[in-house]
Amino acid sequence: MRLPLQRVRGFCAGLALTIVCGTPAMADDTEIFVGSQGDVRPNIMFILDTSGSMDGLVTTQQEYDPATTYSGNCDPSRVYWRRDTGDPLNCSDDQWFDISQLTCDAAVQALAQAGSFVATRAAQWDPDDTRWENIRLDRKDQPVECRTDAGVHGENAGDDEVWAFNSGQPGVRWTSVEADQLDWDSSSNNVNRTYTFYNANYLNWWFFPPTANRTRLDIVQEAASNVVRSLSDVNIGLMRYSNNGGGGDTTAEGGMVTFPTSSVDDFRDELVASIQNNTADGSTPLSETLYEAHQYFSGGNVFFGVNSRVFPGTRFVPNPNPPPPDIEVDGALPSVPDSRDPADNNQYLSPMSQSCQRNFIVYLTDGEPTADNSADDEIQGLIGA
């Protein structure tokens, strides 16, 4: 069996469900997650399958390693781009700009680690109109900026002018006055578009992938980590299964929130560390964990999470500060916002802050449920059937 890793991202997005507003949503790639409206960020909850079967080996694409130089015909002096998200375009296409023109530091860092970056808002300087506009094929030597960097990083590190600016003056592209910054949600000059950037090494790996034998959990961890590294302007959270019994024992009950939905731009490294901190053992309580996710998003009572275990006999305590020496903490750090009401550890704090905010649950799993009947009555009560 060969599972192409470059398809995993699209597969994961295809499992995403809008759980609050409207009908279930489907997409071929991460496009389903991007395009936030103004300052309202979508909430994305990844549920990682941590059951014992995730230790099984499959032959798949070798993990992308930024320290490895992959052979191919893509030019390392270029940043390749496409509108929206999806599979990369071929390197022979004309959609690229000079890598020295990428002033979006968030994209620079993501390309160095993951090889790709999704910018929900990006623009390129037009020297003729002296303003920021959509990225074009005939402007390969002009700066490219993204909204994620607004107020953080200007044209160069350490600059005081950290906001993109429509000056109307040749060469004046940045300002230190926040109120004068570019309106990233304006459609008048098409700066409200989504782009995906790729570096040459990533594309060489993508089109000519080496293979390796890897565990299913390794594949899921890489796919989820790369999505975290490449997305911006969204909130991402993490859940996993309980492992109350361990060793494949069927006493595992439901799942737990190991990382509350938080700004990916603020907690990118912590999210990746939490994803990588999971091990495979126990059963597959799919519906029980999905019910726990419902409780979290709705701000309901903590159900399985009260007694969830990361390892047999080791209770999961959300966000202990400081963590007791006898408790294993799976990813949640003292600086991360808690998933629960500080006045009531049995009550979730819903991550939803706006009416009809886009909310997604993404299941990353290899198979059918086991030990998964303890939430049947509660689920039937929710759907009335």
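**Exercise 1. Identify the residue of S13 that stands opposite Trp81, and describe the pairing around S13.**

*Solution.* Step 1: Trp81 stands opposite Phe197 in S13. The model is a predicted one, in which local features need pLDDT of at least 70, side-chain atom pairs count only at pLDDT 80 or more, and totals for chains, interfaces and linings use all residues. Residues are numbered from 1 along each chain as its sequence is written, and side-chain values use heavy atoms, with hydrogens and water left out.

Step 2: Strand S5 (residues 78–83) pairs with S13 in the antiparallel sense over 5 bridges. Two strands pair if DSSP finds at least two bridges between them. Strands (E, at least two residues) and helices (H or I, at least four) are DSSP runs, numbered from the N terminus.

Step 3: Strand S7 (residues 116–119) also pairs with S13 in the antiparallel sense, over 4 bridges. Here Ala119 has Tyr195 as its bridge partner in S13, and Ser116 stands opposite Tyr198.

**Exercise 2. Determine which residues of S13 point each way, and whether they are buried or exposed.**

*Solution.* Step 1: In a regular strand the side chains alternate between the two faces of the sheet.

Step 2: In S13, Tyr195, Phe197 and Asn199 point one way, while Thr196 and Tyr198 point the other way.

Step 3: Strand S13 (residues 195–199) has 5 of its 5 residues buried. Buried means under 20% relative accessible area, exposed over 50%, and partly exposed in between (1.4 Å probe, protein chains only). Of the 385 residues of the chain, 52% count as buried.

**Exercise 3. State the strand order of the open sheet of 4 strands, and explain why one side of S6 and of S7 is left without a neighbour.**

*Solution.* Step 1: The order is S6-S5-S13-S7, with antiparallel pairing.

Step 2: S6 and S7 stand at the edges with a single partner strand each, so one side of each has no neighbour in the sheet.

Step 3: On average, neighbouring strands of this sheet are turned by 25 degrees against each other, direction ignored.

Step 4: Helix H2 (residues 105–113) lies across S5, S7 and S13 and runs at about 150 degrees to S7. Axes are lines fitted to C-alpha atoms, for helices over the stretch in contact, and angles run from 0 to 180 degrees between N-to-C directions. Contact means heavy atoms within 4.5 Å.

**Exercise 4. Describe how H4 and H5 are arranged, and which core they join.**

*Solution.* Step 1: The axes of H4 and H5 come within 9 Å and cross at roughly 170 degrees.

Step 2: The two helices are therefore roughly antiparallel to each other (angles over 145 degrees count as roughly antiparallel, under 35 as roughly parallel, 65 to 115 as roughly perpendicular and the rest as oblique).

Step 3: Among the residues that meet are Val228 and Ala224 in H4, and Val264 and Leu271 in H5.

Step 4: The largest nonpolar core has 24 residues, and Ile44, Phe46, Val228 and Ile236 have the most contacts inside it. A nonpolar core is a set of buried Ala, Val, Leu, Ile, Met, Phe, Trp, Tyr and Cys residues joined through side-chain atoms within 4.5 Å. The elements that give two or more residues to this core include helix H4 (216–230) and helix H5 (264–276).

Step 5: Apart from this core lies another, of 17 residues, including Trp81 and Cys104.

**Exercise 5. Find where the predictor's confidence is lowest and highest among the elements.**

*Solution.* Step 1: Strand S1 (residues 2–3) has the lowest mean pLDDT (33), and strand S6 (residues 96–98) the highest (98). The pLDDT is the predictor's confidence in each residue, from 0 to 100.

Step 2: The chain averages a pLDDT of 83.
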